[in-house]
Number of protein chains: 2
Amino acid sequence: MTITRADLERLDADDPLAPFRDRFDLPDGVIYLDGNSLGPLPRATRDRLRDVIDREWGRDLIRSWTDNDWIGLPARCGALIAGLIGAAPDEVVAADSTSVNVFKLAAAALAMRPGRRVVVSEPGNFPTDLYMVQGLADLLGPDRVELRLVERDLLTAAMGPDVALLLLTHVHYKTGAVHDMAGLTAAAHAVGALTLWDLAHSAGALPVDLTAAKADFAVGCGYKYLNGGPGAPAFLYVARRHQEAARQPLSGWMGHAAPFAFDDRYAPAPGIARHLCGTPPVLSMTALEEGLKIAAEADLAQVRAKSMRLGDLFVSLVEQMCGPEAPHLVSPRDGALRGSQVSLAHADGYAIVQALIARGVIGDFRAPDVLRFGMAPLYVRHTDIWDAAAHLAEVLRTGEHRQDRFQARKAVT
Amino acid sequence: MTITRADLERLDADDPLAPFRDRFDLPDGVIYLDGNSLGPLPRATRDRLRDVIDREWGRDLIRSWTDNDWIGLPARCGALIAGLIGAAPDEVVAADSTSVNVFKLAAAALAMRPGRRVVVSEPGNFPTDLYMVQGLADLLGPDRVELRLVERDLLTAAMGPDVALLLLTHVHYKTGAVHDMAGLTAAAHAVGALTLWDLAHSAGALPVDLTAAKADFAVGCGYKYLNGGPGAPAFLYVARRHQEAARQPLSGWMGHAAPFAFDDRYAPAPGIARHLCGTPPVLSMTALEEGLKIAAEADLAQVRAKSMRLGDLFVSLVEQMCGPEAPHLVSPRDGALRGSQVSLAHADGYAIVQALIARGVIGDFRAPDVLRFGMAPLYVRHTDIWDAAAHLAEVLRTGEHRQDRFQARKAVT
């Protein structure tokens with residue numbers, strides 16, 4: 001059955017999440033489908049940052065560490081994130097980058113499984129997760145760490161007595177495919193292995209229940225669906241049952257049991273705080289906290305329902321509007337198996353993304369041929385999906401993307 | 001000879017650095033002597049951050065990575081820092097925290113000295129430097145790393161054939177005592193060891209010449225004398241002669257030779273860029289860049305001359321005004337051996353610092369008994385030093401600090 005724009009207008013009118021759009025400062029004339037890469041600016045964040053800059057830094061200066069509780073930022077952000085990922089407030093903390101946090105927790109997990117050296121992941125996982133384990137393996141040597149990449153349908157079968165850790169990104173950055181977190185965690189546990197889940201494309205985008213899945217460790221990113229701002233600090237999760245045993249090697253002063261005692265000997269803080277390392281970037285972490293406050297207000301079941309609906313509609317509309325020219329679908333067609341993005345493949349993918357950006361439809365490109373469109377339900381409207389698909393069809397129909405100005409690659413896309 | 005306030009007014013009138021004070025947004029009624037812990041807000045930073053928040057993030061969104069060159073921030077900041085520490089622009093990059101950077105470079109140095117396992121530092125060094133090496137030692141085991149703490153007058157004698165790395169903070173965080181960087185580096189090199197200098201209390205405060213000292217590695221902090229804002233990203237230096245050999249274990253995607261190729265295999269970027277790890281916190285790093293631009297305009301010889309003069313005056317005025325009640329001097333009396341701070345010891349140090357803060361004189365306290373007063377020459381006036389010493393004398397004379405409200409310790413000072 002053909003979908004009409006009027007259908008989508010009705011969906012917008014009935015959308016319980018529609019009011020959230022006003023919480024963001026979205027530029028006019030832009031359809032922003034790249035919240036899976038960088039979430040937009042929340043209005044409250046702008047105001048809060050002005051206050052942090054002018055009053056907390058400018059007026060209160062060093063006293064803000066206590067008087068404005070800068071020192072509490074990592075735990076406060078962690079508690080807000082916990083509510084989005086099925087964790088307790090004292091199981092999550094904001095710190096460093098996703099990369100650094102992968103290193104911390106992969107090292108901690110390996111130390112908890114002496115005699116085992118294999119970290120299993122999948123080829124094509126987000127590269128930094130693999131790179132950090134490679135760095136750990138280079139540091140510790142092949143006797144202590146081996147990174148083993150296994151295609152996703154063979155992961156369960158790859159669980160064996162030499163596996164210390166299963167490291168996966170819950171929602172694949174390129175395809176949006178969702179792993180069965182509970183099933184794979186159970187498979188890992190069945191052989192005595194631990195799990196480390198990268199929630200970069202999950203947190204804030206769909207319900208995650210680390211507790212129900214019995215996950216051991218997790219990390220994630222603050223600047224995508226959590227709308228924490230460019231390069232926002234990341235987070236990490238350690239299940240409470242592991243908090244006493246888990247020791248991470250980046251044992252900086254902020255993770256010390258008494259940071260301001262200035263002892264020569266490191267003593268890890270109790271609980272999740274031992275996973276902090278250096279001084280947190282206060283401006284960036286403040287922006288993260290404001291983004292998280294918005295996410296915490298949304299009903300994640302509504303978010304997920306709208307996200308699947310937006311994705312389903314986009315898939316249908318691309319096929320309806322583009323006809324036989326339609327780029328082929330890379331993401332799972334079944335919304336339940338797909339995160340909050342739709343990825344398409346086309347040989348001219350880079351140029352098509354550039355042509356769409358020139359029309360105000362912002363998605364992104366991932367080599368070699370993938371067009372990614374993020375469907376962040378807090379600010380993307382159903383009609384935006386119609387308009388985006390219509391622009392895509394128009395680009396393909398006119399061959400607009402073949403213009404030279406859209407062909408030249410920039411260093412970063 | 002007795003110093004008068006009129007003497008200091010004359011020094012302010014003749015101060016070539018006096019115009020820099022207007023570049024900072026200092027609160028009224030405050031004498032800020034804690035720039036060694038958190039530099040104040042530069043006026044340009046406030047404006048730049050508004051533009052980054054409203055336009056670069058809010059309007060340009062994801063395109064800012066290229067169009068506003070967010071991706072170039074770590075190198076741009078690095079090049080500005082290089083000019084302050086006697087390095088070439090391509091030998092320095094801004095990244096992560098000082099703690100994380102110590103880990104990277106200590107690991108890199110150990111790998112470059114196979115068969116040696118000793119990292120020499122001094123007891124009472126800034127704790128996080130020691131903690132990071134302890135974390136590395138716990139990870140690699142005692143066969144590969146031993147942290148050996150040696151009192152500072154025995155450091156040269158402690159250099160031996162088992163030493164891989166000498167790790168020291170150039171200006172001691174608590175006492176302000178300055179190490180002989182060139183001499184100690186030569187002593188380390190004489191036995192085949194490498195050096196890693198922590199410049200947290202040096203960069204921007206006094207001339208540092210890593211090249212002349214033949215230093216191998218360095219790290220430092222962005223939020224003290226570089227005025228980069230609370231928790232600003234840190235930096236690291238790798239001498240060009242080591243850049244090919246130096247491999248650090250936190251091998252994240254931003255340090256990859258081709259981050260946006262999304263290969264499964266890590267391949268280090270050429271040069272200093274391989275020491276990047278995850279996505280940089282753009283808001284915090286933008287603030288750092290603005291602070292650095294101001295530091296880059298100042299003549300470091302003038303900065304050093306004024307810093308020593310301020311410190312000498314403070315030492316003299318405390319003794320002149322406080323008489324036999326004067327807290328005793330912890331820092332070297334010889335300005336040439338002292339960084340840009342004066343540290344005093346007093347059994348009631350904590351309460352005295354609190355009483356001074358209540359009077360608008362902001363220094364800080366370091367356990368067990370040290371009062372620190374930072375003399376950042378870009379915004380501290382000679383008359384501020386007079387006034388600060390006068391307040392200290394008045395607090396001691398009246399016993400004001402014995403009031404209950406100044407005695408109760410806060411969790412963070």
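A crossing of two helices is left-handed if the near helix is turned anticlockwise from the far one by less than a right angle. The model discussed here is predicted.

Q: Which residues of H4(B) make the contact with H10(B)?
A: The axes of helix H4 (residues 73–82) and helix H10 (residues 282–297) of chain B come within 9 Å, and H4(B) passes H10(B) in a left-handed crossing. On the H10(B) side the contact is made by Val282(B), Met285(B), Thr286(B), Leu288(B), Glu289(B), Leu292(B), Lys293(B) and Ala296(B). On the H4(B) side it is made by Leu73(B), Arg76(B), Cys77(B), Leu80(B) and Ile81(B).

Q: Are H4(B) and H10(B) roughly parallel or roughly antiparallel to each other?
A: The two axes cross at roughly 25°. Angles under 35 degrees count as roughly parallel. H4(B) and H10(B) are therefore roughly parallel.

Q: Which strands stand at the edges of the open sheet of chain B?
A: The sheet has 4 strands in the order E9-E10-E13-E12, with antiparallel pairing. An edge strand here has a single partner strand, so one side is left without a neighbour in the sheet. The strands in this position are E9 (328–329) and E12 (364–366) of chain B.

Q: Which residue in E13(B) stands opposite Asp364(B)?
A: E12(B) and strand E13 (residues 370–374) of chain B run antiparallel and are joined by 3 bridges. In E13(B), the residue opposite Asp364(B) is Arg372(B).

Q: At what angle to E10(B) does helix H11 of chain B run?
A: Helix H11 (residues 300–322) of chain B lies across E9, E10 (341–345) and E13 of that chain. Relative to E10(B), H11(B) runs at about 25°.

Q: What is the relation between chain A and chain B?
A: Chain A can be laid on chain B with an RMSD of 0.0 Å. The relation is that of a two-fold axis.

Q: Which element gives the largest share of the side of chain A that touches chain B?
A: The contact takes 76 residues from chain A and 76 residues from chain B, and 100% of the interface residues of chain A are also interface residues in chain B, so the copies meet through the same surface. The elements giving two or more residues to the side of chain A include H2 (43–59), H5 (98–112), H6 (127–140) and H10 (282–297) of chain A. The largest share, 10 residues, comes from H6(A).

Conventions: Residues numbered from 1 in each chain as written. Chains lettered and ligands numbered in written order. Predicted model: local features only at pLDDT ≥ 70, side-chain atom pairs only at ≥ 80, totals over all residues. Axes fitted to C-alpha atoms, helices over the stretch in contact; angles between N-to-C directions. Parallel < 35°, antiparallel > 145°, perpendicular 65-115°, else oblique. Contact = placed C-beta atoms within 7 Å. Pairing = 2+ DSSP bridges. Least-squares fit on C-alpha atoms with pLDDT ≥ 70 in both.
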